[in-house]
Amino acid sequence: MKNFHIRKMSVGLMLLGLLSASGYYLFLTDRAESDQTRALISTDLPLNFPDNNITYTLTPLEKKASVSRYDHLIKAACRKHSLDPALVKAVIHAESLFDPQAVSPKGAMGLMQIDSITARQLGIKDPFDPQKNIDGGVRYLKELLDAYEGDQKLALAAYNAGPGQVQKHNGIPPFKDTKKYIAQVFRFQSHYQSQKGKTS
């Protein structure tokens with residue numbers, strides 16, 4: 001377990017250490033919209049995250065970005081590959097903000113941000129086609145979940161940073177972006193699970 005320590009931060013930033021039983025802490029800035037939202041953008045995941053007893057809400061901007069136009073494709077792919085539609089929608093939200101033409105700086109493409117190598121392995125000829133992208137991305141995510149025996153944190157870490165990094169670090173890689181990504185996906189998933197039967 002890491003020792004606790006206080007880091008000096010520049011004027012204008014607020015330092016707030018929230019200590020949990022598992023010994024993790026959060027650094028929060030005065031730019032966050034609320035105490036709840038600030039807690040949710042932590043780069044350090046507590047061992048018990050996510051808490052299934054808490055419904056994590058979206059910020060107004062996140063709600064605005066959320067769409068339901070791909071829900072039928074998500075549900076079809078999830079029925080085919082036995083995955084939670086809320087998880088897949090959360091991944092799409094975090095990966096591309098529902099933009100089927102999105103391209104990352106590293107060349108990942110489409111709604112589920114599939115790179116060219118993975119696209120070839122999955123037999124996806126057009127990664128910008130929403131149906132093909134979602135079906136292939138769901139299939140890949142299911143393969144990762146099976147490989148990590150249902151551990152969503154490890155599967156999401158592998159989806160974000162690559163399975164090689166998970167293997168190299170024997171767990172979630174110590175990358176700030178990957179930790180933030182996992183926390184974001186869980187928050188989105190909780191929101192979409194609470195929205196079952198609704199339009200978004």
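Helices here are DSSP runs of H or I with at least four residues, strands are runs of E with at least two, and both are numbered from the N terminus. What you see is a predicted model, in which local features need pLDDT of at least 70 and side-chain atom pairs count only at pLDDT 80 or more, while totals for chains, interfaces and linings use all residues. Residues are numbered from 1 along each chain as its sequence is written, and side-chain values use heavy atoms, with hydrogens and water left out.

First, the overall picture. The protein chain has 9 helices and 0 strands, so its pattern along the sequence is α-α-α-α-α-α-α-α-α. Of the 200 residues in the chain, 44% are buried. Buried means under 20% relative accessible area, exposed means over 50%, and partly exposed is in between, using a 1.4 Å probe and protein chains only. A contact means heavy atoms within 4.5 Å. Among contacts between residues at least 6 apart in sequence, 45% join residues at least 24 apart.

Now the helix packing. Two packed helices are described by the angle between their axes and the distance between the axes. The axes are lines fitted to C-alpha atoms, for helices over the stretch in contact, and the angles run from 0 to 180 degrees between N-to-C directions.

Let me begin with helix α3, residues 71-81, which packs against α4 at an angle of about 125 degrees, with the axes 9 Å apart. That makes α3 oblique to α4. On this scale, under 35 degrees is roughly parallel, over 145 roughly antiparallel, 65 to 115 roughly perpendicular, and the rest oblique. On the α3 side, the residues are Asp-71, Ile-74, Lys-75 and Cys-78, and they meet Pro-85, Val-88, Lys-89 and Ile-92 in α4. By class, this contact has 5 nonpolar, no polar and 3 charged residues. Nonpolar covers Ala, Val, Leu, Ile, Met, Phe, Trp, Tyr, Cys and Pro; charged covers Asp, Glu, Lys and Arg; the others, Gly among them, are polar.

What sits in the loop between α3 and α4? Ser-82 is found there. Its phi is near 60 degrees, a positive value in a residue other than glycine. At 53% relative accessibility, Ser-82 counts as exposed.

Helix α4, residues 85-96, also packs with helix α9, residues 176-194, at about 130 degrees and with axes 8 Å apart. The pair α4 and α9 is therefore oblique, and α4 passes α9 in a right-handed crossing. Residues of α4 in this contact include Leu-87, Val-91 and Ala-94, and those of α9 include Tyr-181, Val-185 and Phe-188. The contact of α4 with α9 has 9 nonpolar, 4 polar and 2 charged residues.

Next, the loop between α5, residues 116-122, and α6, where Ile-124 is found. Ile-124 is buried, with a relative accessible area of 9%. Leaving aside neighbours within four places in sequence, Ile-124 is in contact with Ile-114, Ala-119, Lys-132 and Gly-136.

That brings us to α6 and α7, which pack at about 130 degrees with axes 8 Å apart. They are therefore oblique to each other, and α6 passes α7 in a right-handed crossing. In α6, Gly-137, Tyr-140, Leu-141, Leu-144 and Leu-145 meet Gln-152, Ala-155, Leu-156, Ala-158 and Tyr-159 in α7. These residues divide into 8 nonpolar, 2 polar and no charged.

How many aromatic pairs does the structure hold? There is 1. Tyr-140 and Tyr-159 form it, and the pair is tilted, at 5.6 Å centre to centre and 45 degrees between the planes. Tyr-140 lies in helix α6, residues 130-147, and Tyr-159 in helix α7, residues 152-161, so the pair ties together parts that are 19 residues apart in sequence. For reference, rings of Phe, Tyr and Trp (its six-membered ring) pair if their centres lie within 6.5 Å; planes under 30 degrees apart count as stacked, over 60 as edge-to-face and the rest as tilted. Both tyrosines are buried, Tyr-140 at 17% relative accessible area and Tyr-159 at 10%.

Last, the loop between α8 and α9, where Asn-170 lies. Phi of Asn-170 is near 55 degrees, again positive in a residue other than glycine. Asn-170 is exposed, with a relative accessible area of 75%.

Key: Left-handed = near helix turned anticlockwise from the far one by under 90°.
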